[in-house]
Amino acid sequence: MRIQTLRDRLRALGARPAHEQRVLRLWAQALPQDQGRRRLEDFMPTALREALPALSAELEGLARLQSQHPGEDGSARLLVTLADGQSVESVLLPRDGLCVSTQLGCAVGCVFCMTGREGLLRQLGSAEIVAQVALARRLRPVKKVVFMGMGEPAHNLDNVLEAIELLGTEGNIGHKNLVFSTVGDPRAFERLPQGRVKPALALSLHTSRADLREQLLPRAPRFTPEALVEAGEHYARLTGYPVQYQWTLLEGINDTEDELAGIVRLLKGKYGVLNMIPYNSVPDLPYRRPSWERAAEIARQLHRQGVLTKLRQSAGQDVDGGCGQLRARASAAEQPVHWYPSPSPSPAP
């Protein structure tokens, strides 16, 4: 479901702008539709009022909690079931943050990512994206939403921007606390400045070398690291929000002294911050994260050379919940019911 489809349905039930705004606000903030002192029958059209219970149930069914996996850092990875039975992942972050998915699978194919191994199965509708926020808000407060879960937001731009607009208005989330993450896509750099709600920007950099970036992100747009940083700097100056450059630390690959020199060359003096995240290891993939001591030393070196660097622990590492892993494990555990002897398990999607 898209938010615009929901708006159209509300209007067909007689909703005026104030009614439409109210329904969307209460849904996005995970509040009951009969919230408030006034009785619904005193101000809401009869057709809309009578449709609200079924509509509320339908909206709640867009994203249901299948399982929750708490981490020692205060985070919790959520396996979320969609209305069609497919599942995606959301992550409750420490300090009232939430990471949401924007696609089922992903077409970018980052070689170190579990989600990318599936390919793209389908887009999430804008209402499915907001529904992840509403679900999370029933569990704990959410004051920041980052679009960094399963999928590449720039490949589902209309739905993601529609969700961002609702969350930044009726959802009561500050615009700089909505973070659009991308590997870099010309369409995103064109559309983001045009929106009523302009989110903060996170760019997946991962390396200062164009040739290595093509290997690590094989189907990302062919932005060189220099061009990506230039586009990010332009957006940061336009909005007044520093860019968050994402760098997944891979042992022996992008944690070398040459790479550190490349980071300084690219980011020193730029309006941004480097988020350095040691890799969340995935079974059957050859990549490993460096020791925490090595990662901390890298961050200190970059600080000394003038690059604002934040060393972050990937939420859920202690529960092996790197993006896509919960879904992959759940899919592998599922077997179809057959009414004949000795069924063979179906392959995970």
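Because the model is predicted, local features need pLDDT of at least 70 and side-chain atom pairs count only at pLDDT 80 or more, while totals for chains, interfaces and linings use all residues. Residues are numbered from 1 along each chain as its sequence is written, and side-chain values use heavy atoms, with hydrogens and water left out. The structure holds 3 aromatic pairs and 20 salt bridges.

**Terms for location**

- Helices (H or I, at least four residues) and strands (E, at least two) are DSSP runs, numbered from the N terminus.
- A residue is buried under 20% relative accessible area, exposed over 50%, and partly exposed in between (1.4 Å probe, protein chains only).

**Aromatic pairs**

- A pair of aromatic rings is described by the distance of the centres and the angle of the planes.
- Rings of Phe, Tyr and Trp (its six-membered ring) pair if their centres lie within 6.5 Å; planes under 30 degrees apart count as stacked, over 60 as edge-to-face and the rest as tilted.
- The structure holds 3 aromatic pairs, and one of them joins phenylalanine 112 to tyrosine 279 edge-to-face, at 6.2 Å centre to centre with 85° between the planes.
- Phenylalanine 112 lies in the loop between β5 (103-105) and α4 (115-118), and tyrosine 279 in the loop between β11 (272-278) and α11 (292-304), so this pair ties together parts that are 167 residues apart in sequence.
- Both phenylalanine 112 and tyrosine 279 are buried.
- Phenylalanine 189 and phenylalanine 223 form an aromatic pair that is also edge-to-face, with 5.7 Å centre to centre and 75° between the planes.
- Since phenylalanine 189 lies in helix α7 (residues 186-191) and phenylalanine 223 in the loop between α8 (210-216) and α9 (225-239), the pair ties together parts that are 34 residues apart in sequence.
- Phenylalanine 189 and phenylalanine 223 are both buried.
- Ring pairs also link Phe112, Tyr279 and Tyr287 into a cluster.

**Salt bridges**

- Side chains of opposite charge can pair when their charged atoms come close.
- A salt bridge is a side-chain nitrogen of Lys or Arg within 4 Å of a carboxyl oxygen of Asp or Glu.
- Arginine 196 forms a salt bridge with glutamate 165, with the closest N and O atoms 3.7 Å apart.
- This pair links distant parts of the chain, as arginine 196 is in the loop between α7 and β9 (200-204) and glutamate 165 is in helix α6, 31 residues apart.
- Arginine 196 is exposed, with a relative accessible area of 59%, whereas glutamate 165 is partly exposed at 34%.
- In the salt bridge of arginine 265 with glutamate 226, the closest N and O atoms are 2.8 Å apart.
- Arginine 265 lies in helix α10 and glutamate 226 in helix α9, so the pair ties together parts that are 39 residues apart in sequence.
- Glutamate 226 is partly exposed, with a relative accessible area of 37%.
- Glutamate 233 and arginine 237 meet through their side chains in a salt bridge of 2.9 Å, N to O.
- Glutamate 233 and arginine 237 are 4 residues apart in helix α9, so about one helical turn separates them.
- Glutamate 233 is buried at 13% relative accessibility, while arginine 237 is exposed at 53%.
- A network of salt bridges links Arg7, Arg11 and Glu20.

**Helix α11**

- The expected span of a helix is 1.5 Å times one less than its number of residues.
- The 13 residues of α11 should therefore span 18 Å, and its end C-alpha atoms are 18 Å apart, which agrees.
- Ala295, Ala296, Ile298, Ala299, Gln301 and Leu302 are buried in α11.
- These buried residues pack against β10 (243-249), α10 (257-267), β11 and β12 (309-311).
- Glycine 306 follows α11 and has a positive phi, near 95°.

**Glutamate 128**

- Glutamate 128 sits in helix α5 (residues 126-137) and is buried at 6% relative accessibility.
- Its side chain makes a polar contact with the side chain of arginine 122 at 2.9 Å; a polar contact is a pair of N or O atoms within 3.5 Å, where within protein one must be able to donate a hydrogen and the other to accept it, and residues adjacent in sequence count only if both atoms are side-chain atoms.
- Leaving aside neighbours within four places in sequence, glutamate 128 is in contact with Met1, Leu82, Arg122 and Gln123, where contact means heavy atoms within 4.5 Å.

**Glycine 174**

- Glycine 174 is in the loop between α6 (157-168) and β8 (178-182) and is partly exposed at 33% relative accessibility.
- The C-alpha atoms of glycine 174 and proline 199 are separated by 8.8 Å, and the two residues are 25 residues apart along the chain.
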